[in-house]
Amino acid sequence: MAKTITTFFCTDCGADFPKWQGQCPDCKAWNTISEMKQAKTIKHQKFSGYAGDKSEVKKLGTVGTDERPRFSTNIGELDRVLGQGMVPGSVILIAGSPGAGKSTLLLQLMCHLNKAMNALYVTGEESLQQVALRANRLKLPSDNLSMLAETSVEEIIVHCQNIKPKVVVIDSIQVMNTADVQSAPGGVSQVKESAGRLTQFAKQTDTTVILVGHITKDGTLAGPKVLEHMIDTFLMIEDNNDSRFRTIRGIKNRFGPLNEVGVFAMTDKGMQEVTNPSAI
């Protein structure tokens, strides 16, 4: 049996610590530190070639600098925030409060992308029937969209290797788990290891992976802070205390501008672009 070590993490902000304490030093919340046990050793080098290239030393001048071809999301406001489309092999994190429209926007995106390329939508929080009902309500072209209800990262990667999608949505990263970590889904180690495995897969196969993330009650991303460092692009959906309008803001973008904002309106047909926000 694998040896385990005990760590402690804050259930509010996700910060982890070597010992228990009454107040979290990061978010200043009281009585939010919980105990977590995790595997001490990993039997295989799962992060070998993490960034996608072979492990070899190269001269910087010999590395190709051709810009990677982007592909459009078919959603103008989202393309602009991303930097005129998505980059193959990139990892995009989209976060927002419950009901902000994360799943709705991504379902619209995947149904339209599936017309031109192979796409896979992985749902870990909803059943396939719930997703199908939403697609029917929004009248989306969903007949050929590949769907998978799964929370095991290892199983998801096996399915991806079989069908070879160009874009994968993981909804959401907080419910994913990997067998290498002995803790419940949503814990700091599970989120970190699951995101790491999916990022490695994206880089090595040139698959664009979109992760859905939750936020805490104070509006920050739930989970370990290292999650923001792993991904290439971080987008936040904000409802601005309005029941209809939403903004998507680029918090981090390795392939485009920062703090670019896209405006949407939540309607009975889903998230609709607002091309002239000054008219609101």
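**Strand pairing and cavities**

Tutor: Strand E4 runs parallel to strand E8 (residues 208–213), and five bridges join the two. Two strands pair if DSSP finds at least two bridges between them.

Student: Before we go on, what kind of model is this, and how are residues numbered?

Tutor: This is a predicted model, in which local features need pLDDT of at least 70 and side-chain atom pairs count only at pLDDT 80 or more, while totals for chains, interfaces and linings use all residues. Residues are numbered from 1 along each chain as its sequence is written, and side-chain values use heavy atoms, with hydrogens and water left out.

Student: How many helices and strands does the chain have?

Tutor: The chain has six helices and twelve strands.

Student: Back to E4, then. Which residue stands opposite Ile94 in E8?

Tutor: Val212 in E8 stands opposite Ile94. E4 also pairs with E9, again in the parallel sense and over five bridges. In E9, the bridge partner of Ile94 is Leu235.

Student: Is E4 mostly covered or mostly open?

Tutor: E4 is mostly covered, since six of its six residues are buried, where buried means under 20% relative accessible area, exposed means over 50% and partly exposed lies in between (1.4 Å probe, protein chains only). Val91, Leu93 and Ala95 point one way from the strand, and Ile92, Ile94 and Gly96 point the other way.

Student: What share of the whole chain is buried?

Tutor: Of its 280 residues, 48% count as buried. The accessible surface of the chain comes to about 14400 Å², and 50% of that belongs to carbon and sulfur atoms. These areas come from the Shrake-Rupley method with a 1.4 Å probe; for residues, only the protein chains shown count as cover.

Student: How many cavities does the structure hold?

Tutor: The structure holds two cavities of 30 Å³ or more. On a 1 Å grid over the protein atoms alone, a cavity is a set of points where a 1.4 Å probe fits but cannot get out; a pocket is an open set with protein on both sides within 12 Å along at least five of seven lines, and lining residues have an atom within 4 Å of a point. Grid points are joined across faces, edges and corners, and a volume is the space filled by probe spheres set on the points.

Student: What lines the second largest cavity?

Tutor: Its lining consists of Leu78, Leu82, Met86, Ile92, Ile94, Leu106, Leu109, Ile210 and Leu235. Helix H1 (76–82), strand E4 (91–96) and helix H2 (102–113) are the elements that give two or more residues to this lining. By class, the lining has nine nonpolar, no polar and no charged residues. Ala, Val, Leu, Ile, Met, Phe, Trp, Tyr, Cys and Pro count as nonpolar, Asp, Glu, Lys and Arg as charged, and the others, Gly among them, as polar. The volume of this second largest cavity is about 30 Å³.

Student: And what is the volume of the largest cavity?

Tutor: The largest cavity has a volume of about 40 Å³. Its lining includes Arg70, Leu82, Met86 and Ile92, and divides into five nonpolar, four polar and one charged.

Student: Switching topic: what about the largest pocket?

Tutor: The largest pocket has a volume of about 280 Å³. Of its 18 lining residues, Cys13, Leu221, Gly223, Pro224 and Lys225 lie nearest its centre. Helix H5 (188–205), helix H6 (226–230) and strand E9 (233–238) each supply at least two residues.

Student: One more region. Is Glu77 buried or exposed?

Tutor: Glu77 is buried, with a relative accessible area of 8%. Its place is in helix H1. Not counting residues up to four places away in sequence, Glu77 touches Val261, Gly262, Val263, Phe264, Glu273 and Val274, where contact means heavy atoms within 4.5 Å.

Student: How far apart are Glu77 and Val263?

Tutor: They are 186 residues apart in sequence and 6.8 Å apart in space, C-alpha to C-alpha. Val263 lies in strand E11 and stands opposite Thr247.

Definitions and conventions
Helices (H or I, at least four residues) and strands (E, at least two) are DSSP runs, numbered from the N terminus.
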